[in-house]
Amino acid sequence: MTMFRTLPATLSLLALALSMLAGTAPAATFQCGEDSFEDNDTCGTARRITAPFSAAGLAVYKLDNDYYSLRIPPGEELKVDLFFSHQIADVDLFVYDLNGACGGLLTYLANSTSSSNDEDITWLNTGSTPLDVAIKVLVFPGSIAQCNNYDMQVTVAAPVAPCDP
């Protein structure tokens with residue numbers, strides 16, 4: 001499956017390279033660099049945030065994941081939105097129990113791993129107690145670029161009930 005997942009990223013990068021050669025590449029805001037939330041590279045060093053939270057110009061690297069933590073009350077819904085350009089690098093998003101198997105490949109509570117711009121997660125705490133969660137942002141290892149910039153918005157609220165017909 002990994003082979004098929006990297007194909008769109010490879011094709012996007014090839015298209016970007018060809019457009020650069022032709023002089024038609026889009027203006028990029030690609031910078032990377034360190035952001036003000038470092039050092040937040042593990043579950044143990046996750047940067048504590050409170051919702052609502054919004055930050056722009058964040059940076060994540062293949063070998064330098066970003067972690068943020070916050071508490072979700074019982075019955076409340078966590079919503080995380082990441083905004084980035086997939087043409088630069090594929091960024092993925094995970095939510096973990098901060099006090100459980102945090103950061104593992106298959107131990108997440110929710111994930112968003114598309115092969116397009118932006119990622120988002122909505123996760124509901126169905127437990128009867130508050131839960132400390134970690135939000136993990138990473139560059140997909142199959143990306144050619146080593147880093148990408150992103151903006152993030154986080155909200156926590158009671159879930160919106162679906163309309164009854």
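Does C32 count as buried or exposed, and at what relative accessibility? At 9% relative accessibility, C32 counts as buried; the term buried means under 20% relative accessible area, exposed means over 50%, and partly exposed lies in between, with a 1.4 Å probe and protein chains only.

**Basis of the report**

The structure is a predicted model, in which local features need pLDDT of at least 70, side-chain atom pairs count only at pLDDT 80 or more, and totals for chains, interfaces and linings use all residues. Residues are numbered from 1 along each chain as its sequence is written, and side-chain values use heavy atoms, with hydrogens and water left out.

The predictor's confidence in each residue, from 0 to 100, is called pLDDT. Its average over the chain is 84, and 80% of the residues score at least 70. Over residues 1-29, pLDDT stays under 50, and the model has 23 contacts beyond four places in sequence for this stretch. A contact means heavy atoms within 4.5 Å. Where pLDDT is low, the predicted coordinates should not be read in detail.

**Overall organisation**

The chain contains 1 helix and 9 strands. Helices (H or I, at least four residues) and strands (E, at least two) are DSSP runs, numbered from the N terminus. Along the sequence, their pattern is α-β-β-β-β-β-β-β-β-β. Of the 165 residues in the chain, 39% are buried. Among contacts with a separation of 6 or more, 76% are between residues 24 or more positions apart. The chain exposes about 9,000 Å², of which carbon and sulfur atoms supply 60%; accessible areas come from the Shrake-Rupley method with a 1.4 Å probe, and for residues only the protein chains shown count as cover.

**The two sheets**

Two strands pair if DSSP finds at least two bridges between them.

Another open sheet has 4 strands in the order β2-β9-β4-β7, and its pairing is antiparallel. Here β2 (53-61) and β7 (119-124) stand at the edges with a single partner strand each, so one side of each is left without a neighbour in the sheet. Strand β4 (residues 77-83) runs antiparallel to β7 and is joined to it by 6 bridges; D81 has D120 in β7 as its bridge partner.

**The disulfides**

A disulfide is a covalent bond between the sulfur atoms of two cysteines. In this report, the term denotes a pair of cysteine sulfur atoms within 2.5 Å. The structure holds 2 disulfides, listed below.

| Pair | Distance between sulfur atoms |
|---|---|
| C32 and C147 | 1.9 Å |
| C43 and C102 | 1.8 Å |

The torsion about the S-S bond of C32 and C147 is about 110°, so this disulfide is right-handed. The pair links distant parts of the chain, 115 residues apart: C32 lies in the loop between α1 (2-22) and β1, and C147 in strand β9 (residues 147-157). C147 counts as buried at 8% relative accessibility.

The link of C43 and C102 is left-handed, with -80° about the S-S bond. C43 is in the loop between α1 and β1, while C102 is in the loop between β5 and β6, 59 residues apart. C43 counts as buried at 17% relative accessibility. With the bonded cysteines numbered in sequence order, the pairing is 1-4, 2-3.
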